[in-house]
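Here are my notes on this model, as numbered points. Have the structure open while you read.

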Amino acid sequence: RRLLREGWRAALSWENLRRSPTALPRMIATYLGFQRFLGARSHARWAAHQLIFWGCLLAAAITFPLTWGWFTFTAASATGPGYQMRIWGVEVFGFDSSGTLGWILFHGLDLAAVLVISGAGWFLWRRMRDREAITGQRFGYDLVPLLALLTVSVTGLLLTFSETVLDGGGYEFLAVLHMASVVLTLVYLPFGKFFHIVQRPAAVGMQLFKYTSRRRDDPAGEVLACRRCGRPIDTVAYVENLRGTMRDLRLGFDEWAEFCPRCKRVLRGGAYLSGVKRGFR
């Protein structure tokens, strides 16, 4: 709630738009579109995230408008391969269904499924092999979303396989299985890592909030320094927002808000060493 509120406030501010008109588009491209912050962790993880992100985005851009009837494909004639694409009933362009463009348009969901399977498959493989991932993972939070994405994508590809190779054999069963997997996945969206659908756009707004707060000529734009090492943490406005969230959640975080992440880990390790594993070196 706080991320969305502060993000929308920063995005809709006329002063921010006047002083930094390109800030929001740049942050949407950087943090949401290309997710450059993931590249600092691992190039492979960044690539897998990109495959899942663009695959899901492509699938949503095709499925929802088709389902709601926003655009349709109609045959130009009863005999020829020509088709017309219409958006809200208005013809946009015509194309040959047997050509390259026609194949891409009619197999867009298959292409999206291949992207998602590649990305989700890599993450699933990592969670079966990487000790760091295995230690912290939870079945419902980490694995169920991956399995749901794989199920939707694989059953969708099987529909095309049934149509082109099996002459429609088993199509009805596969269609029901695919629809059930899609519905269950949509129901599970608020849980696990599917919540990133809400979290990532909100994080873009928070990045804009942090950026604009640094530009303000007021005390809220001042950058706080770590109480232990002196390195800059973030602006006063951002830290106060974090403190407010932690107070709402009753986590007693205030005394740690002015320490940088590295010093928090060092202090936590020191407390563990002295309080839990005394004498251990």
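How exposed is Trp256? Keep that in mind; point 5 comes back to Trp256.

1. Overall picture. Bear in mind that this is a predicted model. The protein has twelve helices and five strands. Its C-alpha atoms fill a box of roughly 80 × 55 × 30 Å along the principal axes. The radius of gyration is 25 Å, whereas a compact globule of 281 residues would have one near 19 Å. Of the 281 residues, 30% are buried. As for contacts with a separation of 6 or more, 48% of them come from residues 24 or more positions apart.

2. The largest nonpolar core. Twelve residues make up this core: Ala48, Ile52, Val116, Ala120, Phe123, Leu124, Leu143, Leu146, Ala148, Leu149, Leu150 and Phe194. Helix 4 (43-67), helix 6 (108-129) and helix 8 (139-164) are the elements that each give two or more residues to it. Helix 8 gives the most, with five residues. A second, separate core has eight residues, among them Ala10, Met27, Leu208 and Ala237. As background, nonpolar side chains in soluble globular proteins tend to be buried together.

3. Helix 1. Which residues of helix 1 (residues 2-11) are buried? They are Arg2, Glu6, Gly7 and Ala10. Looking down the axis of helix 1, you'll find these buried residues within an arc of 120 degrees, so they line one face of the helix.

4. Rings, part one. The count of aromatic pairs comes to 16. Ring pairs join Phe71, Phe73, Tyr83, Phe93, Phe95 and Phe106 into a cluster. There is also a charge over a ring: Arg138 lies over the face of Tyr141, 4.5 Å from the ring centre.

5. Rings, part two. Back to the opening question: Trp256 has 34% relative accessibility, so Trp256 counts as partly exposed. The cut-offs that matter here are under 20% for buried and over 50% for exposed. Trp256 forms a tilted aromatic pair with Phe259, at 5.6 Å centre to centre and with 50 degrees between the planes. Phe259, at a relative accessible area of 12%, is buried.

6. Where does Trp88 lie? Trp88 is in the loop between strand 2 (82-87) and strand 3 (90-96). Its phi is near 50 degrees, a positive value in a residue other than glycine. Trp88 has 64% relative accessibility and so counts as exposed. The other case is Asp167, in the loop between helix 8 and helix 9 (171-187). Asp167 is not a glycine either, yet has a positive phi of about 55 degrees. With 71% relative accessibility, Asp167 counts as exposed.

Key: Residues are numbered from 1 along each chain as its sequence is written. This is a predicted model: local features need pLDDT of at least 70, side-chain atom pairs count only at pLDDT 80 or more; totals for chains, interfaces and linings use all residues. Side-chain values use heavy atoms; hydrogens and water are left out. Buried means under 20% relative accessible area, exposed over 50%, partly exposed in between (1.4 Å probe, protein chains only). Helices (H or I, at least four residues) and strands (E, at least two) are DSSP runs, numbered from the N terminus. The arc is that of the directions from the helix axis to the C-beta atoms. A nonpolar core is a set of buried Ala, Val, Leu, Ile, Met, Phe, Trp, Tyr and Cys residues joined through side-chain atoms within 4.5 Å. Rings of Phe, Tyr and Trp (its six-membered ring) pair if their centres lie within 6.5 Å; planes under 30 degrees apart count as stacked, over 60 as edge-to-face and the rest as tilted. A charge sits over a ring if NZ of Lys or CZ of Arg is within 6 Å of the ring centre and within 35 degrees of the ring normal. The radius of gyration is taken over C-alpha atoms; the globule rule is 2.2 Å times the number of residues to the power 0.38. Contact means heavy atoms within 4.5 Å.
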